[in-house]
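The paragraphs below will walk you through it piece by piece.

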Amino acid sequence: MPDQDKVYQDVYLKGRVVRHGTRSSEERYQAVAQVLQRYRRPFTVLDIGANQGYFSFRIAHEFDAICVMIEKQAALLENCRKNESNRVVLLQHAISAGELMRLSHTEHFDVVLALNVIHHFRLRWRTAAHAILDLGDAAIIESPPNNDTGSRGKWIRRPINRFLESMPHKVIAETERRRDRPIMSKMRLYEREGIRERSSVPVSRAAHGISLDTFDLLGGVYPERNVLLDTWLVQGFHGEVTACEQQALKWIAVDEIENYRFPPADLPILDLIRRNARA
Ligand SMILES: C[S@@+](CC[C@H](N)C(=O)[O-])C[C@H]1O[C@@H](n2cnc3c(N)ncnc32)[C@H](O)[C@@H]1O
């Protein structure tokens, strides 16, 4: 197969692999899944440099999770459309280290995946690495090993690995970097404070995993705008609720939801309301 036709990750569509990538995606996924299996509640994932979206689509398919992908390559949108998952978000953007840092001030995720991406930030890798560790309760990081001569950013590989080794972590997998060369790559888990009882992401945002502001600022392209609904859980207000566009309004209890008909786009939101009421 010509090099330009090769893909890094497996391509995952609705529960199955339809094309194989140059890296073993299955083996790496199993290591990530072992960490995710500890969550006994819905959780959020930020997947930086999501590539074909293999990890996010599969996580959203197999877990009660919302996955926010950041990827600069436009082709990923097509995979989103084909997967039709309402639990993934795509920010189509070449994010800078500074933007990652600012993102860490406004958004927080249960788990951050930064797999083979820190070296793409070149001289700003340290800022990117600190932002990644700040963005989640847990971060799973993989970075090309020192002896991988094939990957980019050769001059920063050693300092990145020194940094990653110096922070408290656990190696959760060691997998082959390339099928043709016996170079091994470590996947490391960094945890701040273990699994929190509840996500620090407000429930109001959980439908999309992030705020609409972040979606707008960082090139949100999926869910596509015609189905994007900004949802808030309002815990207190003053005055009377009024419909500004003549919608029918009625207060009902959560267990009465079944008695009413809603448009299909509301169904994931109703799911969230039910889950939140049970929690
Ligand atoms: C080596 S691949 C790793 C893919 C995936 N994380 C994995 O390990 O399977 C790096 C990916 O990050 C993307 N990428 C690199 N720099 C990026 C940036 N600044 N913003 C968004 N995506 C980026 C690339 O387009 C590519 O898909």
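Pro-223 sits in the loop between strand 10 and helix 8 (267-278); here helices (H or I, at least four residues) and strands (E, at least two) are DSSP runs, numbered from the N terminus. The peptide bond that leads from Tyr-222 into Pro-223 is cis, with omega near 5°. Most peptide bonds are trans, and most residues other than glycine have a negative phi.

Before going further, a word on what you are looking at. This is a predicted model, in which local features need pLDDT of at least 70 and side-chain atom pairs count only at pLDDT 80 or more, while totals for chains, interfaces and linings use all residues. Residues are numbered from 1 along each chain as its sequence is written.

Two other loop residues deserve a visit. Glu-84 lies in the loop between helix 3 and strand 5, and its phi is positive, about 50°, although it is not a glycine. Asn-116, in the loop between strand 6 and helix 5, also has a positive phi, near 55°. Are these residues buried or exposed? A residue is buried if 20 or more other C-beta atoms lie within 10 Å of its own, exposed if 12 or fewer, and partly exposed in between, with C-beta atoms placed from the backbone. Glu-84 counts as exposed because it has 9 C-beta neighbours inside 10 Å, whereas Asn-116 has 20 and so counts as buried.

Now step back to the whole protein chain. Its secondary structure comes to 8 helices and 10 strands, and buried residues make up 34% of its 279 residues.

In it, 8 strands form an open arrangement in the order 8-9-7-6-3-4-5-10, with mixed pairing; two strands pair if DSSP finds at least two bridges between them. At the edges are strand 8 (170-178) and strand 10 (220-222), each of which pairs on one side only. Neighbouring strands of this sheet are turned by 20° against each other on average, direction ignored; such angles run from 0 to 180 degrees between N-to-C directions, with axes as lines fitted to C-alpha atoms, for helices over the stretch in contact.

Follow strand 6 (residues 109-115) for a moment. All 7 of its 7 residues are buried, so this strand is largely enclosed by the rest of the structure. On one side, 3 bridges join strand 6 to strand 3 (residues 43-48) in parallel, and Asp-47 stands opposite Leu-113. Strand 6 also pairs in the parallel sense with strand 7 (residues 136-142) over 6 bridges, where Ala-114 stands opposite Ile-141. Strand 6, helix 5 (residues 125-135) and strand 7 make a right-handed β-α-β unit: with the strands pointing away from the viewer, the path from the first strand over the helix to the second runs clockwise.

Elsewhere in the sheet, strand 4 (residues 65-71) and strand 5 (residues 88-92) pair in the parallel sense over 5 bridges. Ile-70 has Leu-91 in strand 5 as its bridge partner. Helix 3 (residues 76-83) packs on the sheet and touches strand 4, strand 5 and strand 10; contact here takes C-beta atoms, placed from the backbone, within 7 Å.

Finally, find the ligand. Which residues come nearest to the ligand? Of the 16 around it, they are Gly-49, Asn-51, Lys-72, Leu-115 and His-120, where near takes a C-beta atom, placed from the backbone, within 6 Å.

Methods:
Two residues are in contact if their C-beta atoms, placed from the backbone, lie within 7 Å.
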